[in-house]
Amino acid sequence: MQKRGSNIALQGAQALASIEFMTATPTLSVAGREVRNTFQLMGTSEDSISLAIAWALANSPQFLAAFLRRHAASYSRELDVGIAVHRHETGGGITDVEIEIPGALHVIIEAKRGWVLPSKAQLEMYARRESFLNSNARIRKILTLRRCK
């Protein structure tokens, strides 16, 4: 004798198996604006840009490898890569993103929204940061990243 619950579960499974799945792609919108990627869910501020880049570097080995090949000329999965967002240093401001490989690379990324570039004074302040000046990295860079629309 079959239990009533088992029969209902079997009927449900048969019903699901008979559904034809749509091939259309759904669209997601927030406050009337279409969302085309996950980062739009976070916003479009400079902080959102910094967080998105840092998240992508930390979670996509291919993106990290491409970034490091471009800026450090070599990459190995065995490297100890540190990625920091909004690191504060007295007298040196708050950086948007920093990427460090001990003894090899120290990159500061300054994110901007729109067509405005960081000021010369801001970039010089980052260049004078104690951690940047005292870094034993062979390659030290300050990069700017802009989201222009």
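**Close-up views of a predicted model**

**View 1. Helix α2, residues 46–59.** The 14 residues of helix α2 should span 20 Å at 1.5 Å a residue, and the end C-alpha atoms are 20 Å apart, which agrees; the expected span is 1.5 Å times one less than the number of residues. Helices (H or I, at least four residues) and strands (E, at least two) are DSSP runs, numbered from the N terminus. The model is predicted: local features need pLDDT of at least 70 and side-chain atom pairs pLDDT 80 or more, whereas totals for chains, interfaces and linings use all residues. Residues are numbered from 1 along each chain, and side-chain values use heavy atoms, without hydrogens and water.

**View 2. The buried residues of α2.** Ser48, Ile49, Ser50, Ala52, Ala54, Ala56 and Leu57 are buried (under 20% relative accessible area, 1.4 Å probe, protein chains only). These buried residues pack against α3 (61–72), β3 (82–85), β6 (97–101), β7 (105–113) and β8 (139–147).

**View 3. Threonine 95, in the loop between β5 (93–94) and β6.** Threonine 95 counts as buried because its relative accessibility is 0%. Its side chain makes a polar contact with the side chain of glutamate 98 (2.7 Å); such a contact is a pair of N or O atoms within 3.5 Å, one able to donate a hydrogen and the other to accept it, and residues adjacent in sequence count only if both atoms are side-chain atoms.

**View 4. The largest nonpolar core.** Of its 14 residues, Phe67, Leu68, Ile99, Leu105, Val107 and Ile109 touch the most other members. Elements giving two or more residues to this core are α2, α3, β6 and β7, and α3 gives the most, with four. A nonpolar core joins buried Ala, Val, Leu, Ile, Met, Phe, Trp, Tyr and Cys residues through side-chain atoms within 4.5 Å.

Key
Buried means under 20% relative accessible area, exposed over 50%, partly exposed in between (1.4 Å probe, protein chains only). Contact means heavy atoms within 4.5 Å.
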